[in-house]
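Here is a short briefing for a first look. Keep the sequence and the 3D view side by side.

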Amino acid sequence: MARMKGAQHFRQRLVLSTLSNTALRIDDIRADSEAPGLCDFEASLLRLVEKISNGCGIEINETGTKLRYKPGILAGGRNLVHDCGTGRGIGYFLEPLIILGLFGKKPLSITLRGITNDSRDPCVDTFRTATLPMLKHFGVPIEGLELKVVARGAPPLGGGEVVLKVPIVPKSLTAATWVDEGMVKRIRGVSYSTRVSPHMANRMVDAARGVLNRLLPDVYIFTDHYTGSESGKSPGYGISLVAETTTGCILSSECAATHSGASELQLPEDLGTQAAMSLLQEIKLGGVVDSTHQGLLFILCALCPEDVSKVRVGKLSSYGIKTLQHIKEFLGVQFSIKPDPATGTVLLTCVGSGFQNLYRKVS
């Protein structure tokens with residue numbers, strides 16, 4: 001049994017505990033806080049994991065500060081529905097779902113309801129344009145992989161809806177040597193608006209293009225305006241950008257309007273410029289994925305067969321570093337980390353844990 005303390009990196013602990021079939025015990029969950037115990041969104045994540053698995057056991061004490069979790073068999077399933085609440089965006093739930101969905105007994109198809117775009121978690125557009133294409137480097141069949149935005153939901157009330165479909169990996173992932181980031185050849189993006197004037201989306205596009213067009217001509221940002229029942233329950237707007245390189249790497253950045261001060265949303269021009277600048281910052285740091293995708297990249301490398309995987313990232317994020325520690329603890333995989341002073345990037349090499357999808361139905 002793995003024993004942990006505190007509430008940080010809750011998702012990773014849960015995912016790695018499930019995959020490695022290690023029972024997990026977490027003590028002192030926000031024990032000194034004014035609102036002790038698990039938050040609503042963490043309890044919601046536990047319910048979600050329970051939905052896609054058979055026979056998992058979850059025990060929480062009365063105050064919610066202690067949790068015992070015994071993993072079950074990942075079953076997958078079709079036409080599941082989960083309400084993610086409004087504590088965190090749907091992006092918080094998507095990453096664990098994608099990893100666990102790959103190793104289920106049956107392919108996963110699930111409808112998630114809640115906030116589709118906020119400033120805390122990666123938005124659903126980034127998942128669709130950057131996260132899902134990343135999986136093909138590890139031999140995930142791209143045909144069954146899909147994320148469809150049915151309705152947008154901006155904070156605070158949400159009301160968005162997405163449908164996620166994840167195929168199961170045939171037997172195991174394939175080890176990847178993915179170190180050449182290439183040069184940026186084009187930039188694509190989505191600028192969305194809900195329950196505000198459609199002009200807001202165009203203003204964000206103009207601001208972002210003002211920054212990016214000076215550097216390369218091939219910049220195309222779609223505008224996506226939602227009205228009626230598809231526009232959720234709150235007004236909001238934001239922009240998600242992706243840079244594609246000559247070697248097929250995809251780097252992303254995003255910005256969603258937050259309430260600054262009383263009740264005013266930020267200016268769309270500021271959001272467009274900010275998203276473009278943070279995309280340029282990601283490109284400058286180098287690496288085959290951006291800093292938000294480091295954790296997922298390392299977990300995928302560790303779940304590969306017992307073969308060498310080698311990847312290049314820019315500066316290691318604190319989330320990435322914590323992921324490496326958790327991977328060592330749960331899967332017993334240790335990465336060799338070598339800085340590359342010439343480019344300012346970091347090369348990580350590991351031998352996979354030989355993880356196989358044992359639950360899939362043998363036809």
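Tyrosine 220 is partly exposed, at 44% relative accessible area. Partly exposed lies between buried (under 20%) and exposed (over 50%), with a 1.4 Å probe and protein chains only. This is a predicted model: local features need pLDDT of at least 70, side-chain atom pairs count only at pLDDT 80 or more, and totals for chains, interfaces and linings use all residues. Residues are numbered from 1 along each chain as its sequence is written, and side-chain values use heavy atoms, without hydrogens or water.

**Aromatic rings**
- Rings of Phe, Tyr and Trp (its six-membered ring) pair if their centres lie within 6.5 Å; planes under 30 degrees apart are stacked, over 60 edge-to-face, and the rest tilted.
- The count is five aromatic pairs.
- Tyrosine 220 and phenylalanine 222 have ring centres 4.9 Å apart and planes at 70°, so they are edge-to-face.
- Phenylalanine 222 is partly exposed, at 46% relative accessibility.
- Phe41, Tyr92 and Phe93 are linked into a cluster by ring pairs.

**Nonpolar cores**
- A nonpolar core is a set of buried Ala, Val, Leu, Ile, Met, Phe, Trp, Tyr and Cys residues joined through side-chain atoms within 4.5 Å.
- The largest has 79 residues, and Leu297 and Phe335 have the most contacts inside it.
- Apart from this core lies another of 22 residues, among them Val211 and Ile239.

**Threonine 126**
- Threonine 126 is buried, at 2% relative accessibility.
- Not counting residues up to four places away in sequence, threonine 126 touches (heavy atoms within 4.5 Å) Thr131, Ser240, Ser252, Glu254 and His293.
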